[in-house]
Amino acid sequence: MNLLEILGHRSQQFIINIIDLIFFIVTVLRRGFSYLRKNKDNSLIKNAVVREIIFDGVDSLISTILILSIVIGFSTIAQLIIFLQNIGTETEVINILLRHVTLELIPLLTAIVIICRSGSAMAIQMGNMSINQEIKSLELLGVDVLVLFAFPSLVGKTISQISLSCYFSTLTITFGILFSAIFDSSSNLKYFSILIDSIQPMELFYFLINNTLFGMIISANASFHGLHVKHSVTEVPQRVQKAIMHSLFSVFAISVLYIL
Amino acid sequence: MNKKETLIQATSAVPKIEATSLTQSLSCEISSASLVCLLGPRINALNSHMEMLAGIIAPDSGSVNYSNNLSTDNNYSTISYIYHNSTLLSILTGIDNVKAPALYHHFAPVNEIDREAEILLAELNYGADHKILPAFMTALQKKHLLVVRAIFLKPKILFLENPFNDLDKEQIQVFGNYLVQLVKRKNITIVTSNVNSDFAQHHADQVIYLSSTDTHVFEQKQDFCSFLQLTSI
């Protein structure tokens with residue numbers, strides 16, 4: 001195979017993966033909402049979504065996000081404010097803090113946390129369930145695993161991504177401004193009110209779309225690759241690796257599109 | 001005594017499977033509330049014939065017909081099938097495993113499903129804790145819970161591949177008695193493959209023996225006993 005063939009093959013594979021993933025997301029959403037429409041009083045799926053939000057969102061609040069917010073607030077945001085004040089205007093500081101840190105960098109970091117923390121865990125869990133015939137046994141009882149496992153995960157991870165991203169952004173900026181006020185000048189506290197006034201509704205809308213896509217892609221990759229484990233235990237780490245790498249590539253690609 | 005209804009009728013049916021040369025055709029009638037045992041030297045052939053009877057694989061030749069009471073659209077509600085390697089969901093406790101399919105199908109209100117699950121588990125008649133994960137259960141408890149999970153959906157027929165696989169002699173006795181009691185109390189038909197000939201001899205209402213070349217169907221216990229003596233199996 002020459003270099004051109006390898007590149008062609010890789011590109012073809014990449015496009016097929018994207019199409020597969022989009023098809024998977026659409027199928028999961030269609031089946032999930034159709035199930036919920038038919039079974040309005042059924043609490044099984046709703047409880048599963050709540051469990052997913054607790055696992056992905058609530059459980060990582062203090063243990064991961066709070067600590068990361070303090071670290072990033074101190075090591076990056078506070079330094080950035082102090083440095084930018086010396087070389088730029090107040091508007092430029094706000095622009096960088098709001099557009100680049102809050103709306104672009106923090107959602108990306110949140111997505112990376114979710115990929116590492118629960119995306120991988122979910123892919124392993126699904127892979128093990130597939131290999132142990134647990135999925136097949138359930139399907140024989142008429143249970144659609146896409147509705148029972150993939151749909152709650154898709155909805156739960158999306159809600160978790162949005163809420164964690166809001167929480168992470170708010171905390172990081174708050175700690176950043178506070179540390180810059182402590183270590184530089186208390187006048188830096190003015191950025192709180194200026195930041196709040198500078199937020200545009202359209203930017204919040206893009207922030208929401210961005211995070212929704214991140215959440216859906218992370219969950220879909222984990223479920224898709226986990227459910228594709230078929231015969232051997234060795235497939236589990238291979239699929240988990242693919243789920244993590246595809247999720248990372250996808251969120252970076254979406255971030256680039258968001259910037260453009 | 002209730003008249004037994006024919007649920008499945010197979011006529012010269014040979015399962016359609018790839019990479020194997022299955023030639024034995026099966027002709028039999030499976031009645032309601034009966035215990036049917038498929039025996040024979042080739043375990044794969046037994047399981048393939050059982051899958052064909054359950055409608056999981058199609059017949060290559062011949063036919064398998066179902067009674068009108070057996071819906072083939074949502075066949076989980078009338079036909080349950082437990083593979084020899086079927087397992088409970090590892091992420092749920094025993095009792096949650098039992099309730100999950102019933103909750104998914106919205107079989108009844110939640111409190112009724114809870115009550116029904118407690119009743120079914122109490123029928124197992126031994127002091128096992130069902131609020132633990134399958135990883136901490138004995139092989140017998142897992143087998144019991146797989147059956148309870150399946151019969152929770154009130155199927156008319158339950159197919160069990162190699163039900164005594166992984167069980168010791170004492171556990172086989174307990175699980176065998178449970179299956180016999182299920183047929184009597186719940187009026188369910190149980191079709192098993194690859195059970196020991198002692199169990200079949202004492203409890204089966206019908207024995208289907210698939211040898212390497214022929215298929216023998218025994219409706220009477222005496223006929224099967226004579227066959228066993230004759231062939232010294």
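Leu39(B) stands opposite Tyr209(B), a residue of strand E8 (residues 206–210) of chain B, and this pairing belongs to a parallel arrangement in which strand E3 (residues 35–39) of chain B and E8(B) are joined over 4 bridges. The model is predicted, and the predictor gives the complex an ipTM of 0.83 together with a pTM of 0.85.

**Strand E3 of chain B and its partners**

- E3(B) also runs parallel to strand E7 (residues 189–193) of chain B, to which 4 bridges join it, and within this pairing Cys37(B) stands opposite Thr192(B).
- Because 5 of the 5 residues of E3(B) are buried, the strand is largely enclosed by the rest of the structure.
- Both faces of E3(B) are covered, with Leu35(B), Cys37(B) and Leu39(B) buried on one side and Val36(B) and Leu38(B) buried on the other.

**The antiparallel sheet of chain B**

- In chain B, 3 strands form an open sheet in the order E2-E1-E4, with antiparallel pairing.
- The edge strands of this sheet are E2 (26–31) and E4 (59–66) of chain B, each of which pairs on one side only, and neighbouring strands are turned by 10 degrees against each other on average, direction ignored.
- Strand E1 (residues 6–15) of chain B pairs with E4(B) in the antiparallel sense over 6 bridges, and the bridge partner of Thr11(B) in E4(B) is Ser63(B).
- Helix H1 (residues 43–54) of chain B lies across E1, E2 and E4 of chain B, and its direction makes an angle of about 130 degrees with E1(B).

**Contact between chains A and B**

- On the side of chain B, 20 residues are in contact with 16 residues of chain A.
- Strand E5 (79–82) and helix H2 (94–104) of chain B are the elements that give two or more residues to the side of chain B that touches chain A, and H2(B) gives the most, with 3 residues.
- By class, the side of chain B that touches chain A has 11 nonpolar and 9 polar residues and no charged residues.

**Individual residues**

- Ile45(A) has its place in helix H2 (residues 44–87) of chain A, and it is partly exposed, with 19 other C-beta atoms within 10 Å.
- Leaving aside residues up to four places away in sequence, Ile45(A) touches Tyr35(A), Leu36(A), Val147(A), Phe151(A) and Pro152(A); Ser153(A) is 108 residues apart from Ile45(A) in sequence and 9.9 Å apart in space, C-alpha to C-alpha.
- Gln133(A), in the loop between helix H3 (90–131) and helix H4 (134–139) of chain A, has a positive phi of about 65 degrees although it is not a glycine, and with 16 C-beta neighbours inside 10 Å it counts as partly exposed.
- Asn162(B), in the loop between E6 and helix H5 (169–186) of chain B, has a positive phi of about 35 degrees although it is not a glycine, and its 17 C-beta neighbours inside 10 Å make it partly exposed.

**Confidence in chain B**

- The mean pLDDT of chain B is 86, and 92% of its residues reach 70 or more.
- Among the elements of chain B, helix H7 (residues 221–231) has the lowest mean pLDDT, at 77, whereas strand E6 (residues 157–160) has the highest, at 94.

Technical notes: Residues numbered from 1 in each chain as written. Chains lettered and ligands numbered in written order. Predicted model: local features only at pLDDT ≥ 70, side-chain atom pairs only at ≥ 80, totals over all residues. Buried ≥ 20, exposed ≤ 12 C-beta atoms within 10 Å, placed from the backbone. Pairing = 2+ DSSP bridges. Contact = placed C-beta atoms within 7 Å. Nonpolar A, V, L, I, M, F, W, Y, C, P; charged D, E, K, R; others polar. Axes fitted to C-alpha atoms, helices over the stretch in contact; angles between N-to-C directions. pLDDT = per-residue confidence, 0-100.
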